[in-house]
Amino acid sequence: MEIPVLLYHVVKPDPDPGNDYQYRLDEFERQMAWLHENGYTTLSVDEYLDVLDGKAPAPAKPVLITFDDNTADFTEYVMPVLTRYGMKAAQFTVTDWIGNRLNMSAEDMKEIAARGIDVLNHTVSHPMLAELDKAGQREEIAEAGRALEALVGRKQDVFAYPYGNYNEVTIEVLRELGYRAAFIVSDAKSTPSTPRLELPRYCLLQRHTLDDFVRMVS
Ligand SMILES: [Zn+2]
């Protein structure tokens, strides 16, 4: 049993051609339509972990869709596509960025959470965690967790490492704070034996075509 996890950042009609982390909306729509037409089941993060842990049966063609950095395009462009297909997804949120010009507002975050998006911890300020000492790492993770629990009322026990950057101290801090899962960036699928604090995600870049996407999820 293997589950692909996808990672997107910005998705919009007119991505900056020089920024590989911005994805074209029409390509994203084609990918979601492809998942829909090919019988894939999008999971919530809890469902994904339950399947990996053997606590729930795997649905047909499971896939987990995640977004990082709580950018404002999510409400405008991504939510309508997810809603059209009844798809679940997670949004890993940098708490200091909430309300910035290019990010979702606190109201937006509550709204997407109410519509079933998993709003989860991506630190306070998006640092390179491995460059911080243990107290610094702990503050970045614990503070963001507290802020998000207060904002959307969801227990914060799932994390994504900014830049996929972490070290053994980060893992220690996550264990101490009671986190049960954390995502890295890596071209691999999750299996029951994948370490839960190093779960891989395929990062979608602007240059990736539908063929690349199909290879990631197949
Ligand atoms: Zn990020």
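**Entry 1**

I began with M79, which touches F74 and I112, leaving aside residues up to four places away in sequence. By contact I mean that the two C-beta atoms, placed from the backbone, lie within 7 Å. Before going on, I noted that this is a predicted model: local features need pLDDT of at least 70, side-chain atom pairs count only at pLDDT 80 or more, and totals for chains, interfaces and linings use all residues. Residues are numbered from 1 along each chain as its sequence is written.

The cut-offs are 20 or more other C-beta atoms within 10 Å for buried, 12 or fewer for exposed, and partly exposed in between, with C-beta atoms placed from the backbone. I also checked M79 against A89: they are ten residues apart along the chain, and their C-alpha atoms are separated by 9.5 Å.

M79 sits in helix α3. Helices here are DSSP runs of H or I with at least four residues, strands are runs of E with at least two, and both are numbered from the N terminus. Helix α3 covers residues 73-85, 13 residues in total, and reaches 18 Å from its first C-alpha to its last, close to the 18 Å expected. The expected span is 1.5 Å times one less than the number of residues.

Where does α3 bend? At M79, by about 40°, and a proline, P80, follows within four residues. The bend is the angle between axes fitted to the seven residues ending there and the seven starting there.

I listed the buried residues of α3 as D73, F74, T75, V78 and L82. They pack against β2 (10-12), β5 (62-68), β6 (90-93) and α4 (106-114). After α3 comes G86, with a positive phi near 60°.

**Entry 1: α1**

Next I took helix α1 (residues 25-37). Its end C-alpha atoms are 18 Å apart, which agrees with the 18 Å that its 13 residues should span at 1.5 Å a residue. Its buried residues are Q31, M32 and L35. They cover an arc of only 95° around the axis, so they are on the same side of α1. The arc is that of the directions from the helix axis to the C-beta atoms.

What does the face turned away from the buried side carry? I found the exposed residues D26 and E37 there. On the buried side, the cover includes β5, α3 and α7 (210-217). Just after α1, G39 takes a positive phi of about 75°.

Most residues other than glycine have a negative phi.

N70 has a positive phi of about 40° although it is not a glycine. N70 lies in the loop between β5 and α3, and it is buried, with 25 other C-beta atoms within 10 Å.

H126 is not a glycine either, and its phi is positive at about 60°. H126 lies in the loop between β7 (118-121) and α5. With 17 other C-beta atoms within 10 Å, H126 is partly exposed.

**Entry 2: A135**

A135 counts as exposed because it has 9 C-beta neighbours inside 10 Å. A135 and V169 are 34 residues apart in sequence, and 9.9 Å apart in space, C-alpha to C-alpha.

**Entry 3: the core**

How many residues does the largest nonpolar core have? I got 53, and those with the most contacts inside it are L6, Y48, V63, L64, L120 and A182. A nonpolar core is a set of buried Ala, Val, Leu, Ile, Met, Phe, Trp, Tyr and Cys residues joined through C-beta atoms within 7 Å. Helix α2 (residues 45-52) gives the largest share of this core, five residues.

Not counting residues up to four places away in sequence, L6 touches V63, I65, T66, R201, Y202, L204 and M216.

**Entry 4: the whole chain**

Last, I zoomed out. The chain has seven helices and ten strands, and buried residues make up 38% of its 218 residues. Its C-alpha trace spans about 45 × 40 × 30 Å along the principal axes.
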